[in-house]
Amino acid sequence: MSIDTQDVRRYLLGLQDGIIDALQAEDGHAFVRDAWRKAPGERLQGDGISRLVEEGGVLERGGCNFSHVQGPTLPPSATQHRPELAGAPFEAMGVSLVMHPRNPYVPTAHMNVRMFAALPPGREPVVWFGGGMDLTPYYGFEEDAVHFHRVCRDALAPFGDALYPRFKRWCDEYFFLKHRGEPRGVGGVFFDDFAELGFERSFAMTRAVGDAFVDAYLPIVRRRRAAPYGERERDFQAYRRGRYVEFNLVWDRGTLFGLQSGGRTESILMSMPPVVKWRYDWKPEPGTPEARLYSDFLRPRDWAEAAAGDAARDGA
């Protein structure tokens, strides 16, 4: 089987451009464009484009990366579920983004779509896709979670009714801080090592997820960006951002893959929030909005099927 990855590359570059255009228009500030290429002789070869805004109109820090790399040996994070491919050369490409808004009422969002090709000598290439998107609120609103999940569900619907509940459950399980016993946020969808629909159909499904991000996230940004807030809300946002850092540095396979394979550190760590706080054994006061995040949102819920009354209960 021969693989032409150029169609995947063209799609990913177009996806990055489309997302950046939409976010720039909403934020009002231009994203920096940093194109890079690995130097000859480095362990990892390839190129990429990092797009970043800091101190924007809406986004305190936001980044969207494209990378396309080749390496001589798959790192352990990429063969965790495919031990038979350990040591194989590989090609990988993807778009990954994290948006950290300044306003604590606007949730952080993450999206990633990627393709891996393992190239074991003397054997057929093994190709799979991965990706998804998830939402991390600091102050929970049912209608935001419902909207985000319904866009995810509708994007996957053409590929079978079973995929959304399966990928939603996978997301809930993946974005879980085992050392804290709590989820990172309200989830979304997540998939990895996916090739069961065949190359073309699996690629189409991955495109559907990537293409849905703007519709899933921007309506929430527009709904919350002007909400008034003070030091209390910013303080809680910084505290909860600490959970984001912990997950990315301890559990996230994408971060580990990039660091283990010799990836570009500045691009890999672009996902880190700009202001973070930790406290010793802190818990929110019962009955507060901060406590409600834990009781009502940081637990698995069937958001896409929530009643219309639940979705509108908190209002805009």
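How many of the 11 residues of strand β6 (residues 126–136) are buried? The count is 10 of the 11, so β6 is largely enclosed by the rest of the structure. Buried here means under 20% relative accessible area, with exposed being over 50% and partly exposed in between (1.4 Å probe, protein chains only). Strands are DSSP runs of E with at least two residues, and helices are runs of H or I with at least four, numbered from the N terminus.

Before going on: this is a predicted model, where local features need pLDDT of at least 70, side-chain atom pairs count only at pLDDT 80 or more, and totals for chains, interfaces and linings use all residues. Residues are numbered from 1 along each chain as its sequence is written, and side-chain values use heavy atoms, leaving out hydrogens and water.

Now for the neighbours. Two strands pair if DSSP finds at least two bridges between them.

| Strand pair | Bridges | Direction |
|---|---|---|
| β5 (residues 108–118) and β6 | 11 bridges | antiparallel |
| β6 and β9 (residues 187–194) | Six bridges | antiparallel |
| β1 (residues 32–37) and β2 | Six bridges | antiparallel |
| β2 and β3 (residues 59–71) | 10 bridges | antiparallel |

Look at Gly131 in β6: Val113 has Gly131 as its bridge partner, and Gly131 also stands opposite Phe191 in β9.

Strand β2 (residues 45–54) has eight of its 10 residues buried, so β2 is largely enclosed by the rest of the structure. Gly48 in β2 sits opposite Trp36, while Ile49 has Phe66 in β3 as its bridge partner. The hairpin of β2 and β3 has four residues between the strands, and there Glu55 takes a positive phi near 55°.
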